[in-house]
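Let us learn to read a protein model, one feature at a time. Look at the picture and follow the dialogue.

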Amino acid sequence: MTHNENRASWFKEGAIALSVGVLYGTTSVMVGHPLDTIKTKMQAQKGFESTSMIRTCLKTVRTQGIIGLYRGCVPPMLGSGIYRSVQFSAFEAAYTYCDRYAFCKKEIPGTFGLQVRVILAGACGSTARAIIESPLELAKIRRQTGQTYQLKDVYKGFSVTWIRTLGLMGMYFIFIDSFRRNLPHLFSSPVLGPFLLSGTAATLAWWLVWPIENMKSQVQGNFGKDQPLKTRLAMTFRERGITGLYRGIGPGTLRSFLANGTSMIVMSNAQKLVTKLGLRD
């Protein structure tokens, strides 16, 4: 679960998360899009294959102005509120629904209290997000790299997006659940706790799936030949080593920590307001 409020029914928790998740999504884009643009150019645009984060930023500003850092922000600005609200809604609804089944509340051995329902709910939230996010990501990446796209292409790269999102959000929800249980006072604080814990959870999760995120950017950005994910990973590692797989991790880390930390401040306080207004009664 992503909050410590007294829970309502599974349907109501899903509806509440659908509403407050919009705030998380739009805040994330406003804070993080310039760094996401830099990351994408480093991973998937010709002419930026070897440039550093700072040089990529300067080159973009010099040739396109500050607005160049915000290219492609419209699809994620419109869509991020949707797919992030859906991811939290699906997670919270599934997590609460599983409360009625003893198996789902069973703690997994060796995980310091992690329950099965966190894994199941995380898979539900991840899948719901990937279905909506994949075409929006393609539109964003094509704009960031100066390309166009056709309607028939919008689900190109869906499989790699789904794999990435299962790993990313699955680990994010596991980290958040662990922080909630083991650091309740920090988790419940109005500003510092949500910022640090969500920023840390998201960044750790991104580090784990970054090579797949890199490949997703390449696939959706038409970088290189069309080939299976395993082949693309092996070729990148063979040609560039581990640094090639983690290309763009610098701006990606900054974007993840700042955007997800700030977004959780907004969403967690919205959750508290929902309770204060009696909407969980």
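**Reading helices, loops and a core**

A: Start where a helix stops: Gly 278, with a positive phi near 80°, follows H9. Helices (H or I, at least four residues) are DSSP runs, numbered from the N terminus. This is a predicted model, where local features need pLDDT of at least 70, side-chain atom pairs count only at pLDDT 80 or more, and totals for chains, interfaces and linings use all residues. Residues are numbered from 1 along each chain as its sequence is written, and side-chain values use heavy atoms, with hydrogens and water left out.

Q: How many residues does helix H9 have, and how far does H9 reach from its first C-alpha to its last?

A: The expected span of a helix is 1.5 Å times one less than its number of residues. H9 covers residues 249-276, which is 28 residues. H9 reaches 40 Å, close to the 40 Å expected.

Q: Is Val 154 buried or exposed?

A: Val 154 counts as buried because its relative accessibility is 17%. Val 154 lies in the loop between H4 and helix H5 (158-182).

Q: What does Val 154 touch, not counting residues up to four places away in sequence?

A: Contact means heavy atoms within 4.5 Å. Val 154 touches Ser 134, Pro 135, Leu 138 and Tyr 149. The C-alpha atoms of Val 154 and Arg 117 are separated by 32 Å, and these two are 37 residues apart along the chain.

Q: How many residues does the largest nonpolar core have?

A: A nonpolar core is a set of buried Ala, Val, Leu, Ile, Met, Phe, Trp, Tyr and Cys residues joined through side-chain atoms within 4.5 Å. The largest one here has 31 residues, and Phe 88 and Tyr 172 have the most contacts inside it. Helix H1 (10-44), H3, H4, H5, H7 and H9 each supply at least two residues of this core. H5 gives the most, with eight residues.

Q: Which residues does Tyr 172 touch, not counting those up to four places away in sequence?

A: Among them are Tyr 24, Phe 88 and Met 264.

Methods. Buried means under 20% relative accessible area, exposed over 50%, partly exposed in between (1.4 Å probe, protein chains only).
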